[in-house]
Amino acid sequence: MNIRDIDFATVVDESVVWGRRLSKWLDKAKVLDFLAPLLLRLYLAPVLWMAGTKKIASFSSTVDWFGNPEWGLGMPLPWLMVLLTITVEILGALFLLFGFGVRLITIPLMVVMVVAAVAVHWQYGWLAIAGDSGLFATDRTIAAMERLEQAKSILQQYGDYAWLTEKGNFVVLNNGIEFATTYFIMLLVLFFMGGGRYVSADYWLGRKYMTQGA
């Protein structure tokens with residue numbers, strides 16, 4: 001077939017028709033759109049709960065870390081900052097779990113993530129786990145991987161390396177902003193989407209009071 005024989009107008013029209021059909025088919029998936037915010041909430045809730053309860057269990061040492069300017073964060077009123085952080089994380093976990101006040105609670109939670117990213121993780125770059133290749137690898141992470149290989153070599157020579165790695169491989173924690181940024185983005189999505197339909201307290205409270213006020 002010669003390219004001159006192709007009716008481009010017909011091709012475009014057919015493409016538009018198929019595009020509309022595909023769009024309508026994809027729109028049918030919106031009946032499940034409640035799953036996206038639900039899964040975000042269920043993912044974040046235990047993360048926040050563990051972060052908050054860990055700070056409660058080690059309250060004194062966490063206050064020392066928040067306040068010390070030499071080896072900690074050097075924050076003013078560290079006991080108050082720790083208490084506020086714990087409150088936000090614990091309430092955030094519960095609110096997200098039940099889908100109550102989702103859009104409201106994401107605001108202080110995003111603030112916590114920004115502070116954590118800037119004050120704690122920024123100096124270490126992007127990667128949470130060190131790697132020696134890829135876009136976000138740095139001299140720090142490359143050097144960390146060199147040391148990890150040395151440690152593995154020692155363990156393989158003098159230890160039961162198969163037993164040591166039976167439940168997972170060794171890694172080096174780089175402590176970059178990767179996790180804090182990821183959580184911030186997830187919270188930002190929930191801020192705009194809300195808790196979702198059907199399986200959030202916000203949805204049913206909204207239906208009840210909006211219906212009564214109509």
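Me: Where does Leu-77 lie?

Reply: In this predicted model, Leu-77 lies in the loop between α3 and α4. Its phi is near 45 degrees, which is a positive value in a residue other than glycine.

Me: Why is Leu-77 called exposed?

Reply: Its relative accessible area is 51%. Exposed means over 50%, so Leu-77 is exposed.

Me: Which other residue has a positive phi, near 70 degrees?

Reply: Tyr-198, again a residue other than glycine. Tyr-198 is placed in the loop between α8 and α9 (201–213).

Me: Why is Tyr-198 called partly exposed?

Reply: Tyr-198 has a relative accessible area of 37%. Buried needs a value under 20% and exposed one over 50%. The 37% lies in between, so Tyr-198 is partly exposed.

Me: What makes the pair of Tyr-198 and Tyr-203 edge-to-face?

Reply: Two values decide it. The ring centres are 5.4 Å apart, and a pair needs centres within 6.5 Å, so the two rings count as a pair. Their planes stand at 75 degrees, and planes over 60 degrees apart count as edge-to-face. The pair is therefore edge-to-face. The structure holds nine aromatic pairs.

Me: Is Tyr-203 buried or exposed, and how do you know?

Reply: Tyr-203 has 18% relative accessibility. The cut-off for buried is under 20%, so Tyr-203 counts as buried.

Me: Which residues form one aromatic cluster with Tyr-198 and Tyr-203?

Reply: Phe-34 and Trp-204 belong to that cluster along with the two tyrosines.

Me: How do you know that the charge of Arg-103 sits over the ring of Phe-191?

Reply: The charged end of Arg-103 is 5.2 Å from the centre of the Phe-191 ring. The distance limit is within 6 Å, and the charge must also be within 35 degrees of the ring normal. Arg-103 is listed as sitting over the ring of Phe-191. Arg-21 likewise lies over the face of Trp-18, at 4.9 Å from the ring centre.

Me: What does Thr-106 touch, and why is Thr-106 called buried?

Reply: Thr-106 is found in helix α5 (residues 102–121). Leaving out residues up to four places away in sequence, Thr-106 touches Leu-187, Leu-190 and Phe-191. Its relative accessible area is 0%, and buried means under 20%, so Thr-106 is buried.

Me: Why does Ile-86 count as buried?

Reply: Ile-86, in helix α4, has 7% relative accessibility. That value is under 20%, so Ile-86 counts as buried. Beyond its neighbours within four places in sequence, Ile-86 is in contact with Gly-52, Lys-55, Ile-56 and Phe-59.

Me: How much space lies in the largest pocket, and which residues are the closest to its centre?

Reply: The largest pocket has about 1100 Å³ of space. Of the 32 residues that line this pocket, Ala-51, Lys-55, Glu-89, Ala-116 and His-121 are the closest to its centre.

Me: Which helix supplies the largest share of the lining of the largest pocket?

Reply: The largest share comes from α5, with eight residues. Helices that each supply at least two residues include α2 (35–57), α4 (78–98) and α8 (178–193).

Me: What classes of residue make up the lining of the largest pocket?

Reply: The lining has 23 nonpolar, six polar and three charged residues.

Key:
Residues are numbered from 1 along each chain as its sequence is written. This is a predicted model: local features need pLDDT of at least 70, side-chain atom pairs count only at pLDDT 80 or more; totals for chains, interfaces and linings use all residues. Side-chain values use heavy atoms; hydrogens and water are left out. Helices (H or I, at least four residues) and strands (E, at least two) are DSSP runs, numbered from the N terminus. Buried means under 20% relative accessible area, exposed over 50%, partly exposed in between (1.4 Å probe, protein chains only). Contact means heavy atoms within 4.5 Å. On a 1 Å grid over the protein atoms alone, a cavity is a set of points where a 1.4 Å probe fits but cannot get out, and a pocket is an open set with protein on both sides within 12 Å along at least five of seven lines; lining residues have an atom within 4 Å of a point. Grid points are joined across faces, edges and corners, and a volume is the space filled by probe spheres set on the points. Ala, Val, Leu, Ile, Met, Phe, Trp, Tyr, Cys and Pro count as nonpolar, Asp, Glu, Lys and Arg as charged, and the others, Gly among them, as polar. Rings of Phe, Tyr and Trp (its six-membered ring) pair if their centres lie within 6.5 Å; planes under 30 degrees apart count as stacked, over 60 as edge-to-face and the rest as tilted.
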